[in-house]
Amino acid sequence: MGVITLRSDSERRRRATAALQRLRPVVAEEAEHELGRAEAVGFLARLDLWFLDLHGPLEALYGDDDGPDGQDVLVGRLVRLALAAAADRPTELRETDRRREVEPRWYQEPRTVGYVAYTDRFCGTLDALPKRLDYLSELGVSYLHLMPLLKPRPGENDGGYAVMDYRAVDPRIGTMDDLEAAARALRERGMSLCVDLVLNHTAREHPWAKAWLAGDPAYADFYFAFHDRNMPDAYEATISDVFPDRAPGSFTWVGTARGGRGAWVWTTFFGYQWDLNYANPNVFAAVLETVLWLANRGIEIFRMDAVPFMWKRLGTSCMNQPEVHDLMQAMHALVKMAAPATIFKAEAIVSPEDLVPYLGGHARYRPECELAYHNQLMVMLWSSLATRDARLAVQSLRRMATIPVDTAWATYVRCHDDIGWAVSDTDAWAVGWSPVAHRRFLNDFYAGTYPMSHARGALFQDDPETGDARISGSCAALCGISEARERGDEAALEAGIRRHVLLHAVTFAWGGVPLLYMGDELALDNDLSYLDDPALAEDNRWMHRPWFDAEAAARRDDPATVEGRVFGWIQRLAQVRRELPALHAAGESELLAVDDPHVLAWRRRHPRSGHFVALVNFADHPVSVDVRAWEGLGELGTVLSADGDLQVDDGRAQLPGLGFVWLAEA
Ligand code: GLC
C-alpha cells in the first residue's frame, strides 16, 4: 500500500490497463482450471469489462497497489475471491446470469414491480412463502424485498439491522436452505429476491466483533476505538444524530475493548451496532466475501443499507464521503465479475444533490448501484398532499440531476422507516416558504395535531432541542382512511382512498421501479400490537410494519370494501404500467409547467415510445390547467384515470379533486 494520489482519468485508465495486463495471464490460467474453458471465457470477459471500475476506486481507497515488484496484492486477492465465488456458483444461478447478460437492464422494464415485506409478518416462515406467491402475482409483483432476515442479535436488534451472522437466517423464520428454496420458488415465477445487506455495521455479537475484542490480529482495526473523548468529541461536533432520543451520540463506551482498558466504539445507530472500519482493506474483503456467498444463495438484489455512513472524515457529517462511492464501485465491479445477475440498490436517504451519485451519476459515469430509493419524490408527495400544493415538489424535483441511463429509481410511497422531511432550505425559500415552519407544519399535520388534519401518524425521534422530528404511520393512517373509518364518514373515506391511490399513481408512473409496501395494497391501518413487545415498544416505526391481515386480504376481490377498492387500483396501476413503453426506466421524465399550484404534471418518453403524460391534483376540489402549450396532447388518450376520460374544455384540462390521469399516445 502506498500513498493515495489523485489521478486524471487517462492516468487511472493507464494504470488499470497495466495492472490488468500483469494480472490477466495468471487469472486466465486459474479461471480455466476452476471453471472450465467456456465459463472461464465469460469470467475473463467480465474481468476485462469491470476492471477499470475496480482498480481506480481501490487505489483511491487504499493507495497504490503495484508495490516495488508489481504484485498487485490487494486487487489480485479480491479478483481471486470473485473467481472462487464464480466457481461455487450453482448451475441454476449461472443460467440466470446468462439470461441477465442477454437482458442486463431487466429491472428497467415497465413490468418490474416490487413488494416489500417482513417474512414473519407476511407469511410466518420462509417455507410458507410459496403459498403467498399467487397473491403477489395478482398484484403484478416481479421483485420481492424480504426485510432483514439474516440472523440478528437476540433482544433489541433495530428491526433486524443488527446482524450477528450473515451466513445464517433468523432461526425464527427458517434456515439458509429455506432461503435458497424461497429464492428458487421466486425465480420459477420470474420474480427476483431482494435482501438487505447491513454493511455499515455489524451487531456487537458478530464473530468479527468478538475476535476484534479478543485482540485477534486478523481482525485488528475492523472497528473504531478511541481511548478518550477527544476524537469522539471532535467528530461529533459535525455529525448529526440518527436516533437523537434513544441513541444520542455516535460512540458507545465498551469496557471490554482494548484488552479490558475500554474504548469509545463508533456506533452511528444504536449502541449494539458497531460501525465497520472500511479504511481497512481486510474489512472490505470480508464484506465482499459475504456478499458473494449470499449472491450464490440466490439473492439477486442487495439493498445496501445505510451506505452514506460507510466512510468517516473529521470535520464532516461523516456521510456521503467520496470514498463511499469508491467502495460501492469496487464492490459492484467484483460482484458483477462473479455473479452478473446481481444488482445493488442504494439505501441513501440523503439530499437530492448527494443522492444521484449513488447511481453512478458523478462528473463521469461510474457504475455503482443500479437502483436507489427516490426519497425526494416520496417526501414531496406527502408534503404536497398536506399543503394541497405541488409547487415545492415541482421546484425540488426539477432541480434534480438526470440519472445515468442504465439505472432506475426505486419509487415508493411508504417504507418501514419514518418519513424525514428532506425539504431543502433553498427549495422552500424558492417557493416563498420558511423551511423550518414548513417542516413543523408537516409534523403537526401528520401527527394529527394540526387543526382539521385527517392524518393519524405519530412523531418519531422528536428532538425538543432542535425542534426536529420525523413521522411514523401507515399509508392509510396518513391519508385519512383510518380517521374516516373511525368516524364512519363516507365522504372522508372516499377522499382518503383517492389520496392513497393518487400517491401510488405517481410512484407507478414516475419512471423506475415502484415498490409497494406490505399492507398498503389493502390500506391497512396502524398496527399498535408492537406496544406489547418490550423489544419493540420504544420504536414507533413498528406501527407501520403491520402483520398480514388475512381477513382484510380475503376482501380484496370485493369492490364494495376499502380493501377491494384499493387492491383493485393497485392491480390496475401495475397492469396498465406494464403496457406502457414510456415507463421504461431508461426514459426521461420532464416536469410540465402548469398554471394551477395544486397540480403536478410530467411527461415521459423513451426512444421506443410515444409520449406519456400524467397529471395529479392534490386539491380536494376540482381544478383545471391550461394545456394549449403542451404539444401533441390531442393525440394522447386516457389510459388510466380516477375519473374516466380526461375532459379538455377550451384548452383547459379538467381535473376532479384528488384525481389523477395517465395519458399516452396510441
Ligand atoms: C437503515 C434502515 C433502518 C435502520 C438503519 C440502521 O436506514 O432502513 O431501519 O435503522 O439502516 O441499520
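**Cysteines**

I started with Cys475, which counts as buried at 0% relative accessibility. I took buried as under 20% relative accessible area, exposed as over 50%, and partly exposed as in between, with a 1.4 Å probe and protein chains only. The model is predicted, so I kept its cut-offs: local features need pLDDT of at least 70, side-chain atom pairs count only at pLDDT 80 or more, and totals for chains, interfaces and linings use all residues. Residues are numbered from 1 along each chain as its sequence is written, and side-chain values use heavy atoms, with hydrogens and water left out.

Next I looked for disulfides. A disulfide here is a pair of cysteine sulfur atoms within 2.5 Å. The count came to 0. Cys475 is in no disulfide; the nearest cysteine sulfur, in Cys479, is 4.0 Å away. What about Cys123, buried or exposed? Cys123 counts as buried, at 13% relative accessibility. Its sulfur is too far for a bond, because the closest cysteine sulfur, in Cys194, is 15 Å away.

**Ligand site**

For Asp417 the distance from a side-chain N or O atom is 2.4 Å. For Asp158 it is 2.7 Å, and for Glu347 it is 2.8 Å. The protein covers 94% of the 310 Å² of accessible area that the ligand has on its own. That area comes from the Shrake-Rupley method with a 1.4 Å probe.

**Aromatic rings**

I counted 38 aromatic pairs. Rings of Phe, Tyr and Trp (its six-membered ring) pair if their centres lie within 6.5 Å; planes under 30 degrees apart are stacked, over 60 edge-to-face, the rest tilted. Phe269 and Phe309 pair edge-to-face, at 5.1 Å centre to centre and 70° between the planes. Phe269 sits in the loop between strands E9 (263-266) and E10 (273-275), and Phe309 in the loop between strand E11 (301-305) and helix H11 (322-338), so the pair ties together parts 40 residues apart in sequence. I took helices (H or I, at least four residues) and strands (E, at least two) as DSSP runs, numbered from the N terminus. Both Phe269 and Phe309 are buried.

Key: Polar contact = N/O pair within 3.5 Å; in protein donor to acceptor, adjacent residues only side chain to side chain.
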